[in-house]
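Dear colleague,

Please find below the structure that I am handing over to you. I would be grateful if you could look through it alongside the notes that come after it.

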Amino acid sequence: MTTTPASRPPVPPDLRHLFHPEHADHYVAAMRSGVHHLADALGRVSDPATGLSPEHAAKPVVDVDLDEPLGDPAQALAEMSRVWLDDTVWFHEPAYAAHLNCPVVIPALLAEVFVSGVNASLDTFDQSVGGTFVERHLVDWTAGRIGFGPDADGIFTSGGTQSNLQALLLARDHAVAAGAPVEQLRVVTSSDGHFSVQKAARLLGLGDDAVVTVPVDADRCLDLDALAATLEALPGYGLVPMAVVATAGTTDFGAIDPLGGVADLCERHGAWLHVDAAYGGGLLVSPTRRHRLAGIERADSVTVDFHKTWFQPVSSSALLVADGSTLRHVTWHADYLNPEPADPDGEDPAAAPNQVDKSLQTTRRFDALKLWLTLRIMGPDLIGSYVDRVVDLAAEVGSRVAGHDELELAAPPQLSTVVFRFRPHDAGAHGPAYDDDALDALQGRIRTDLYERGTGMVAATRVEGRAFLKLTLLNPMATVEDLSRLLDAVVAGGRALAAGMTEVER
Ligand SMILES: Cc1ncc(COP(=O)(O)O)c(C=O)c1O
């Protein structure tokens, strides 16, 4: 017998916070108040940050007594603003140019309402129904953009770190299945590869020595000759190059490794090719720069982070594999969740299409819906044009840096980062007035000073052991003028801080 809403007993008041048809008014009111609260906050923002120190950020948070609820959403939102929102970092602000955080597109925020409200879990078909196929369709579509064949497959993950981990897990188990002893396995990547490769090797029990890094060339791309020499040499030490991780968009320089050349070497040495396109994956939809990923279609696996260059809210990433059968390495059957099909090798019509069979996670957010609504409302070309904009912006900002006599450009921008440092005038003209250590210290102080004043956020990194600053440009609404103002602030701050350095500090 079905129970109609009219025949249900009234819901006790203490259950009013649950998402439920009888609480639809409460839900709408709460959501509306939240959206207005955020829009109001957005309207007051004029800088990327207020420059709060960790001590000042911690104090109001730890003072909250979590055993004493406020009950009322308005009061809780007001408190939330005090403890976090009023001083948060805003990625849509043009002077935010620090890490790989993007402003997010509104269609994806619309999807978030449904992702959280319905709370579908993408592990099994019986928890997501059509959601399973939304995710699968997006996986197939992305694999098509990569240029993979009909056997391709993949899975949404929580981020590039998890995608890279799963890729290397598949590569490890592929090598072990072919008879290679685990302790002999090596992963080769460039010295500019992402640190999640090292983390993955540790988590996979391969050990910290398992990642062999090869140098980058003058363009900060993996040096093919060095890779060839390494792959030749490893077997001589009794080691097996199980995988090469090529990066399509390194975190600092946006460099795209020579994917075709790396694929040739992987083929010759029987190594799995993983392309970490966490950052450069947005080029898959670029109307003008897709060719820069040429060779990606020869990979065994590819990481794409939609929460970087596809302007999606965290989290949204995918691992795509050329041969879907390799995903079996993460398959495990449990009677209570995804029982083994009657005919595991064939087509079992009763077998449910369970995405958990392809994933490291069990319960998993329906992040795919964000990309789905983004594509259905905006379309891929528009997203790709946003990518083009930030790449053009970085090129222009890079030339401004190169033309500035107190700024030193580390390398020409390749994607949307600009790595540079401030070098005060008299450091060159009147001899080494500031030694290398002083210059290093200066970069750190410039960065902190900018943050504390709230006027801009830049990142810090090291190039050949020396401190540099980095702009990561992922805001298609930022203009060259916005970024020129940020550079002016770097120079003005740098001059003031340099002038304040004591003889000893220099
Ligand atoms: C090249 C590259 N790979 C992987 C990652 C890790 O991605 P996530 O932060 O989503 O885990 C990053 C993050 O910046 C990255 O730049």
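The notes below take up the ligand, the aromatic residues, one glutamine and some points of backbone geometry.

Please bear in mind throughout that this is a predicted model.

The ligand and its surroundings

The ligand is surrounded by 14 residues, and the closest are G160, T161, T251, D276 and H307. By class, this shell consists of nine polar, three charged and two nonpolar residues. Two helices, α6 (160–177) and α10 (306–309), each supply at least two residues of the shell. The most comes from α6, which gives three residues.

Several individual atom pairs can be named. An oxygen atom of the ligand lies 2.9 Å from a backbone N or O atom of G160. In the side chain of D276, an N or O atom is 2.7 Å from a nitrogen atom of the ligand. In the side chain of K308, an N or O atom is 3.0 Å from an oxygen atom of the ligand. Taken alone, the ligand exposes 380 Å², and the protein buries 83% of that.

Aromatic residues

Seven aromatic pairs are found in a search of the whole structure. One of them is formed by F306 and W310: the ring centres are 4.9 Å apart and the planes stand at 85 degrees, so this pair is edge-to-face. F306 is buried, with a relative accessible area of 0%, and W310 also counts as buried, at 1% relative accessibility. A further edge-to-face pair joins F311 and Y386, with 5.5 Å from centre to centre and 75 degrees between the planes. This pair links distant parts of the chain, since F311 is in the loop between α10 and β8 while Y386 is in helix α12 (residues 380–402), 75 residues apart. Are the two partners buried or partly exposed? F311 is buried because its relative accessible area is 2%, under the 20% limit. Y386, with a relative accessible area of 22%, is partly exposed.

F306 and W310 also belong to one aromatic cluster, together with W141 and F156.

The residue Q355

Q355 is placed in the loop between β8 (317–321) and α11 (368–377). With a relative accessibility of 0%, Q355 counts as buried. Which residues does Q355 contact, leaving aside its neighbours within four places in sequence? They are L122, D123, T132, E135, R136, I155 and R364. With R136 there is a polar contact between the two side chains, at 2.8 Å.

Backbone geometry

V314 and S315 are joined by a cis peptide bond, with omega about 0 degrees. S315 lies in the loop between α10 and β8. F311, already mentioned for its pairing with Y386, is found in the loop between α10 and β8 as well. F311 has a positive phi of about 60 degrees although it is not a glycine. R220 is another residue other than glycine with a positive phi, near 65 degrees. R220 sits in the loop between β4 (211–214) and α8 (224–233), and is buried, with a relative accessible area of 10%.

Yours sincerely

Definitions and conventions:
Residues are numbered from 1 along each chain as its sequence is written. This is a predicted model: local features need pLDDT of at least 70, side-chain atom pairs count only at pLDDT 80 or more; totals for chains, interfaces and linings use all residues. Side-chain values use heavy atoms; hydrogens and water are left out. Helices (H or I, at least four residues) and strands (E, at least two) are DSSP runs, numbered from the N terminus. Buried means under 20% relative accessible area, exposed over 50%, partly exposed in between (1.4 Å probe, protein chains only). A polar contact is a pair of N or O atoms within 3.5 Å; within protein, one must be able to donate a hydrogen and the other to accept it, and residues adjacent in sequence count only if both atoms are side-chain atoms. Contact means heavy atoms within 4.5 Å. A residue is near a molecule or strand if one of its heavy atoms lies within 4 Å of it. Accessible areas come from the Shrake-Rupley method with a 1.4 Å probe; for residues, only the protein chains shown count as cover. Ala, Val, Leu, Ile, Met, Phe, Trp, Tyr, Cys and Pro count as nonpolar, Asp, Glu, Lys and Arg as charged, and the others, Gly among them, as polar. Rings of Phe, Tyr and Trp (its six-membered ring) pair if their centres lie within 6.5 Å; planes under 30 degrees apart count as stacked, over 60 as edge-to-face and the rest as tilted.
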